[in-house]
Amino acid sequence: MGKSGSNNRKTAHTPGAPRAWQRMLSGRRLDLLDPSPLDIEIEDIAHGLARVARWNGQTKGEHAFSVAQHSVLVEAFVGRLWPTTPAADLLGALLHDAPEYVIGDMISPFKTALGVDYRQFEARLEAAIRLRFSLTPHMSDEMKARVKTADQCSAFYEATRLAGFDIDEALNFFGAPPPGPAPDMTPLSPTDAQVLFLRRFEDLIAEVDAGPVKG
């Protein structure tokens, strides 16, 4: 699962019409209007997320803090806060921002300003990604709540360690992180972040394949 390969599917294109697909390094052509699970590869996701910067790149360090590294951190917080979470749900947490390998990391107010059509596009892409890796099309409400909490935990540390927020300001926006040691927030190079993400994906997908799938 997740192996790259050439894409034999042809995307129709009328000369002069706007192109509505993106060619990935794996050779896949992802139709942005109607994304298919068949055109999604984990290597493309990891490559893209490792090169998308959180906080629009306004962070300390030699490298940007990538969405790939953020995704691994969020999944780790889900596992820490809810230790009995099934592997399939942990995989869903790891992939919670996977659509950003296509659309980038847009801040929430901008997503709202773009309107419902953008939300629908994001939801279609999310569903295609999750189906590609044998998950249900969308997270359960319970998992959405867990991922949101873990995302806020990650955001607190990103804000205070990397993005210049003071503690009180971060507490106001993101709430307090859980008790326990702070994670290593050293931003990784794109190559190292990509490897980190792929390794965690492979660990989780092996657990998912070994047991019953849960949404």
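Is Asp39 buried or exposed? Select Asp39 to begin: its relative accessibility is 1%, so Asp39 counts as buried (buried means under 20% relative accessible area, exposed over 50%, and partly exposed in between, with a 1.4 Å probe and protein chains only). Asp39 sits in the loop between β2 (29-31) and α1.

**Before continuing**

This is a predicted model, in which local features need pLDDT of at least 70 and side-chain atom pairs count only at pLDDT 80 or more, while totals for chains, interfaces and linings use all residues. Residues are numbered from 1 along each chain as its sequence is written, and side-chain values use heavy atoms, with hydrogens and water left out.

**The whole chain**

Display the protein chain as a cartoon. It contains nine helices and two strands (DSSP runs numbered from the N terminus: helices are H or I of at least four residues, strands are E of at least two). Along the sequence, the order is β-β-α-α-α-α-α-α-α-α-α. Of the 215 residues, 45% count as buried.

**Helices α2 and α3**

Two packed helices are described by the angle between their axes and the distance between the axes. Select residues 67-81, helix α2, together with residues 87-94, helix α3: they pack at an angle of about 145°, with axes 8 Å apart (axes are lines fitted to C-alpha atoms, for helices over the stretch in contact, and angles run from 0 to 180 degrees between N-to-C directions). Next, show the side chains at the contact (heavy atoms within 4.5 Å). Helix α2 contributes Ser71, Val72, Glu75, Val78 and Gly79, and helix α3 contributes Leu90, Ala93 and Leu94.

**Salt bridges**

Arg200 lies in helix α9 (residues 190-210) and Glu75 in helix α2, so the pair ties together parts that are 125 residues apart in sequence. Glu75 is buried at 3% relative accessibility, whereas Arg200 is partly exposed at 23%.

How many salt bridges does a search of the whole structure find? The search finds five. Select Arg54 and Glu158 for another of them, where the side chains meet at 2.8 Å, N to O. Arg54 belongs to the loop between α1 and α2 and Glu158 to helix α7, so this pair ties together parts that are 104 residues apart in sequence. Both Arg54 and Glu158 are buried.

Finally, select Arg28, Glu41 and Arg132, which are linked in a network of salt bridges.

**Two loop residues**

Most residues other than glycine have a negative phi. Select Asn56, in the loop between α1 (42-49) and α2: its phi is positive, near 55°. Asn56 is exposed, at 58% relative accessibility. The last stop is Ser134, in the loop between α6 (116-132) and α7 (141-161). Ser134 has a positive phi of about 65° and is partly exposed, with a relative accessible area of 34%.

Note on methods:
A salt bridge is a side-chain nitrogen of Lys or Arg within 4 Å of a carboxyl oxygen of Asp or Glu.
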